[in-house]
Amino acid sequence: MLTEKYGTPECIEEFSDREPSSDFLKFHAILNDECHYISEFSCENGKIQLTMSKQDYNSASVILKYIDKANADETRKKVMDDL
């Protein structure tokens, strides 16, 4: 639904070994910290990031972050002023 609403995201799906051949094996790679996964949608008002990461021994989580452009720009300006 995110792709339908915001368009095709930039995706990073990196495995420490070769890419698994099934979704089950990809999930197993996440649980073993052998995968880095992020999809980022660019929007007029900021970005939306969807990530998957290991939660504990046998579970993972999907995290959806909304990054507001105006607040990110303000934070960046404050950091730059401190340097």
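Is Y6 buried, exposed or partly exposed? Select Y6 in this predicted model and display its surface: the residue is partly exposed, because its relative accessible area of 29% falls between the 20% and 50% limits that separate buried from exposed residues.

Colouring by secondary structure shows that the pair links distant parts of the chain, with Y6 in helix 1 (residues 2-6) and F41 in strand 2 (residues 35-43), 35 residues apart. F41 itself counts as buried, at 5% relative accessibility.

Next, go to strand 3 (residues 46-56) and select Q49, which is found there. Q49 is buried, with a relative accessible area of 15%, and its side chain makes a polar contact with the side chain of E40 at 2.7 Å. If you then show the surroundings of Q49, leaving aside residues up to four places away in sequence, you will find that Q49 touches I38, S39, E40, I63, L64, K65 and I67.

For the last stop, turn to the surface and select V79, M80 and L83, which form a nonpolar patch with about 340 Å² of accessible area together.

Note on methods:
Residues are numbered from 1 along each chain as its sequence is written. This is a predicted model: local features need pLDDT of at least 70, side-chain atom pairs count only at pLDDT 80 or more; totals for chains, interfaces and linings use all residues. Side-chain values use heavy atoms; hydrogens and water are left out. Helices (H or I, at least four residues) and strands (E, at least two) are DSSP runs, numbered from the N terminus. Buried means under 20% relative accessible area, exposed over 50%, partly exposed in between (1.4 Å probe, protein chains only). A polar contact is a pair of N or O atoms within 3.5 Å; within protein, one must be able to donate a hydrogen and the other to accept it, and residues adjacent in sequence count only if both atoms are side-chain atoms. Contact means heavy atoms within 4.5 Å. Patches are made of residues with over 30% relative accessible area and no salt bridge: like charges are joined within 9 Å, nonpolar side chains (Val, Leu, Ile, Met, Phe, Trp, Tyr) within 5 Å. Accessible areas come from the Shrake-Rupley method with a 1.4 Å probe; for residues, only the protein chains shown count as cover. A salt bridge is a side-chain nitrogen of Lys or Arg within 4 Å of a carboxyl oxygen of Asp or Glu.
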